[in-house]
Amino acid sequence: MHIEPGLVDSGKIWLSYATAAGAGGYTLKLAYETLRDRGALSLLSRSVVTTALVFSFFEVLPHYPVGVSEVHLILGSTLFLMFGAAPAAIGLALGLLIQGLFFAPFDLPQYGMNVTTLLVPLFALTALAPRLIALNTPYVELKYRQALALSTTYQAGIVAWVAFWAFYGQGFTVENAASISSFGVAYMLVIIVEPLVDLAVLAAAKALHKWKGSALFERRLYEAA
């Protein structure tokens with residue numbers, strides 16, 4: 001989902017700073033709530049793990065350029081279910097930043113767009129989860145349809161933001177629309193994979209029930225709300 005250099009020129013890129021600031025502010029709100037609920041050690045340890053995982057997702061897992069961007073397996077819903085909203089958001093932001101600083105400096109000017117594209121769909125997923133998952137259901141008990149709905153929300157949000165940046169930067173041309181469509185079709189294929197990954201990871205977590213109560217994982221993973 002990396003926004004390609006030049007897709008949005010320097011005269012328009014200011015908008016990405018505003019959207020990234022908004023996403024960053026909401027992340028701080030989630031972090032404060034998590035800090036108050038679980039303490040600094042839990043927030044810090046989970047954020048370190050998610051940052052390392054996100055960095056590895058970008059650098060190790062396959063990714064292919066398609067249309068206006070790249071197709072990545074980011075596993076945003078997996079991070080949310082295992083570690084919670086705030087650590088997932090922090091991990092996505094820091095993992096992306098570390099990749100840019102040390103491995104892809106050409107992506108740094110697009111950081112605001114990329115971090116917005118990653119975080120806002122996560123916030124949408126966070127808002128949807130309480131409506132989709134009953135309060136008495138731990139995440140390890142999720143069904144496929146629930147995992148699919150969470151994954152679809154996240155991936156569709158990414159596609160929508162990439163489309164927004166592409167139209168914002170290049171205008172409503174036939175060529176641009178075709179490029180966005182090809183990216184969207186390719187990216188939605190991730191929906192086939194991510195719910196299965198979610199269920200596999202949750203099944204592993206359920207088997208390792210000794211981790212229940214650990215500061216390293218989201219409390220809701222094993223417990224009802």
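Trainee: Which residues of helix 1 are buried?

Mentor: Before the answer, please note that this is a predicted model, in which local features need pLDDT of at least 70 and side-chain atom pairs count only at pLDDT 80 or more, while totals for chains, interfaces and linings use all residues. Residues are numbered from 1 along each chain as its sequence is written, and side-chain values use heavy atoms, with hydrogens and water left out. A residue is called buried when its relative accessible area is under 20%, exposed when it is over 50%, and partly exposed in between, using a 1.4 Å probe and protein chains only. Helices (H or I, at least four residues) and strands (E, at least two) are DSSP runs, numbered from the N terminus. The buried residues of helix 1 are Leu15, Ser16, Thr19, Ala20, Ala23, Thr27, Leu30, Ala31, Thr34 and Arg38.

Trainee: What covers the buried residues of helix 1, and how far does this helix reach?

Mentor: For cover we look at contact, meaning heavy atoms within 4.5 Å, and here the cover includes helix 2 (40-59), helix 4, helix 5 and helix 6 (144-170). For length, the expected span is 1.5 Å times one less than the number of residues; helix 1 has 25 residues and reaches 36 Å from its first C-alpha to its last, close to the 36 Å expected. Glycine 39 follows helix 1, with a positive phi near 95°.

Trainee: Where is isoleucine 13 found, and is isoleucine 13 buried or exposed?

Mentor: Isoleucine 13 is found in the segment before helix 1, and it counts as buried because its relative accessibility is 9%. Leaving aside neighbours within four places in sequence, isoleucine 13 is in contact with Val8, Pro109 and Met113. Sequence distance and spatial distance should be read separately: isoleucine 13 and glycine 169 are 156 residues apart in sequence and 8.5 Å apart in space, C-alpha to C-alpha. Glutamine 170 counts as partly exposed because its relative accessibility is 39%, and it touches Gly6, Leu7 and Asn176, not counting residues up to four places away in sequence.

Trainee: Which residues have the most contacts inside the largest nonpolar core?

Mentor: In soluble globular proteins, nonpolar side chains tend to be buried together. A nonpolar core is a set of buried Ala, Val, Leu, Ile, Met, Phe, Trp, Tyr and Cys residues joined through side-chain atoms within 4.5 Å. The largest one here has 60 residues, and those with the most contacts inside it are Leu92 and Leu221. Elements giving two or more residues to this core include helix 3 (76-83), helix 7 (174-188) and helix 8 (190-207). Apart from neighbours within four places in sequence, the contacts of leucine 221 are Leu81, Met82, Pro138, Tyr139, Val140, Leu202 and Ala205.

Trainee: Why does threonine 50 count as buried?

Mentor: Threonine 50, which lies in helix 2, counts as buried because its relative accessibility is 0%. Once neighbours within four places in sequence are set aside, threonine 50 is in contact with Leu79, Phe83, Pro87, Ala88 and Gly91.

Trainee: How many residues line the largest pocket?

Mentor: Rolling a probe the size of a water molecule over the atoms shows where empty space is left. On a 1 Å grid over the protein atoms alone, a cavity is a set of points where a 1.4 Å probe fits but cannot get out, whereas a pocket is an open set with protein on both sides within 12 Å along at least five of seven lines, and lining residues have an atom within 4 Å of a point. Grid points are joined across faces, edges and corners, and a volume is the space filled by probe spheres set on the points. The largest pocket holds about 480 Å³ of space and is lined by 21 residues, of which Gly84, Ala85, Tyr139, Glu218 and Arg220 lie nearest its centre. Helix 1 gives the largest share of this lining, 5 residues.

Trainee: Which residues line the largest cavity?

Mentor: The largest cavity, with a volume of about 50 Å³, is lined by Leu96, Leu97, Gln99, Gly100, Asp107, Leu108, Tyr111 and Asn114. The largest share of that lining, 4 residues, comes from helix 4.
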